[in-house]
Amino acid sequence: MMASSQTDTRPCIELRGVTKVYGTGQAAMAALRGIDLDIEEGDFVAVMGPSGSGKSTCLNILGCLDTPTTGTYRFKGVEVSGLDRDQRARLRRFYLGFVFQGYNLLSRTSALENVELPLIYRRVHARQRRAEARRAIEMVGLTGWESHAPSELSGGQQQRVAIARAIVTGPAVLMADEPTGNLDTARSHEIMELLVDLNRREGITIVMVTHEQDMAAYAKRIVHFVDGLVESDKRNGSPA
Amino acid sequence: MLWDTIHLALREIRRNVLRSFLTILGIVIGVASVITMVTLGGGATVQVTQQIASLGSNLLMVTPGKRMGPGLAPSAPPFRVRDAEAIAREIRSVVAVAPISMQSATAIVGNENWSTSVVGTDNQYFKIRNWSMKAGRPFSDSELHAGASVCVLGDTVRQKLFGGLDPLGSRVRLGKMSFQVIGLLEPKGQSSMGTDQDDLVVLPLRTLQRRISGNQYVSLIQVSIRDGESTEKAQRDIERLLRERRHISPNMDDNFSVMDMKEITKMLTGTTTVLTGLLGAVAAVSLLVGGIGIMNIMLVSVTERTREIGTRLAIGALEREVLTQFLVESVVLSSSGGLFGILLGLLACLGLKNALRVPFVFNPTIVIIAFLFSAAVGVIFGYFPALKAARLDPIEALRHE
């Protein structure tokens, strides 16, 4: 099961000696203190750790929202740590999908239009956009709810819309930051099952930050952060 | 993409209808006042021009002194009848020349008296002014020559002095002398200056000079140029002739002026232009204030939508695209203010045209300029908020609230 997803010779994501320091001089604070991390294509990685351990900083760097202070980040073999703002935006647009704890859907905008948003930035034509957005909504099991605004949907449904928005472009990697943080237990498990399903059936690589052991248990691999360093990196024996 | 952006902007604006409306109110008022002022001003100009053109576009006014206006410049000697005769004789393109001398006087008939202006001239005057007789006849050659005690009445004077009675053959007293009424003029109504053109008594020039003013002066010469002839050339010819007759050496300025209707129109509409300019400045200030209002509300909007901006940036929007989105939004706001302002202004003109008795003249140029200006206000005042949005750090923005 694990071996089957490690067919590529090069990992999709390679971090080497990545540090991130906020502030300068006396006030300088190291969030990451030298991370080496490889993520293979098709993997499902849960990043865990106490707050302040650097897991969110690491996800921001992986998601090209932030740049490392030192060290290298290769994405699909390409060095991306030196890219400027717009280059990183283009990389996110074409290769990455994001799911946030707070869903971050546009209010008073229908589910379908929310899902269409990344396609607008990809200059996809309206008709094709609509069709692709419908397919993504179907994949997250929300067919029939396309015209509802976020305020008319439950938390779980909103997160499904957010996931549909993240996968509508067929990204190489899905970055999920505490995707179940705002949901009750039953809803959380549904979302995790959806992510596992997407990982298994669509082959989408997923990197998920969570602090809940239950949710991390769904991943194929769990990376533990403590104090800006990788403390442990284990394969999950029995994926759910 | 641009259509999507405009669509998005319209939706954002609809989301806060009242707020958007209040935001653009400054622009609406500014644009509406510009449109109203310029359209009414344009209408007034057209009206004046038309009335002057009805006098004949080939009319020249020759007056002593540098400008047309009340009174003579001290250094400017008045004309004589000989000057008018010389113009008629020497300038080939001239059709008619009327020497005119004016005076105000009280006209008395029985117990009725009426203060009016007395015009001394000849029959050419009626021809130049395109004025026909309602009853009676113009002056005969012998009356003109001899300075006979005859007069032609304007319609207002007839009404005031005679009411419903037929004045032909009656006598009207002006000062110490009395004059027989031989003709009545067609009513002409108000002039563009708002004066009653029918409030006058016309005498033969010689009669006025001998019996009322007691001098040989001619205060104004009206010249009519043949159709198809250049008024500019006639103007130059008359100037040359009069300089010669008045012995003006080449290095001295004219002590008279020859104006065509264009110049007179320009002079009359000059005040309108100044007024329009001033009101335009007021309107520009209100556009500025409106622009500041837009900037304020766009800054509020950027703060309110920080998370949305963060989401868009994370999804892969470029700085430029976020900038465009907010810029389009402020331009759509301000230019819809412009559109409403244009409509309001035009409606105000239609409403006021009867009250002010000014014709409605649609001026497409000012409408386009007003629209472009309002759009420009959106660009100028929306740029800073849009830049603020585009420069947001996506991580910070996502974490906002």
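In the predicted model, strand 1 (residues 59-64) of chain B runs antiparallel to strand 9 of chain B, and four bridges join the pair. Within this pairing, Leu59(B) has Ser224(B) of strand 9 as its bridge partner. Strand 9 of chain B also pairs with strand 2 (residues 94-109) of chain B. That pairing is antiparallel too and spans six bridges. Here Val94(B) lies opposite Ile225(B) of strand 9. Strand 9 of chain B covers residues 220-225, and five of its six residues are buried, so the strand is largely enclosed by the rest of the structure. Burial here requires 20 or more other C-beta atoms within 10 Å of the residue's own.

Chain A contains an open sheet of four strands. Their order is 2-1-4-5, and the pairing is antiparallel. Strand 2 (29-39) and strand 5 (78-79) of chain A form the edges of this sheet, each pairing on one side only. Strand 1 (residues 13-22) of chain A is joined to strand 2 of chain A by eight bridges, and the two run antiparallel. Glu14(A) finds its bridge partner in Asp38(A) of strand 2.

An open sheet of six strands is also present in chain A. The strand order is 6-7-8-3-9-10, with mixed pairing. Its edges are strand 6 (96-99) and strand 10 (229-235) of chain A. Each has a single partner strand, so one side of each is left without a neighbour in the sheet. From one strand to the next, the twist averages 15°. For strand 10 of chain A, the pairing with strand 9 (residues 221-226) of chain A is antiparallel and comprises six bridges. In this pair, Val223(A) faces Asp233(A) of strand 10.

The two chains also touch. Chain B contributes 17 residues to the contact, and chain A contributes 19 residues. On the side of chain B that touches chain A, at least two residues come from each of helix 1 (2-15), helix 10 (306-315), helix 11 (319-356) and helix 13 (394-399) of chain B. Helix 10 of chain B provides the largest share of that side, with six residues. By class, the side of chain B that touches chain A comprises nine nonpolar, six charged and two polar residues.

Definitions and conventions:
Residues are numbered from 1 along each chain as its sequence is written. Chains are lettered from A and ligands numbered from 1 in the order in which they are written. This is a predicted model: local features need pLDDT of at least 70, side-chain atom pairs count only at pLDDT 80 or more; totals for chains, interfaces and linings use all residues. Two residues are in contact if their C-beta atoms, placed from the backbone, lie within 7 Å. Ala, Val, Leu, Ile, Met, Phe, Trp, Tyr, Cys and Pro count as nonpolar, Asp, Glu, Lys and Arg as charged, and the others, Gly among them, as polar. A residue is buried if 20 or more other C-beta atoms lie within 10 Å of its own, exposed if 12 or fewer, and partly exposed in between; C-beta atoms are placed from the backbone. Two strands pair if DSSP finds at least two bridges between them. Axes are lines fitted to C-alpha atoms, for helices over the stretch in contact, and angles run from 0 to 180 degrees between N-to-C directions.
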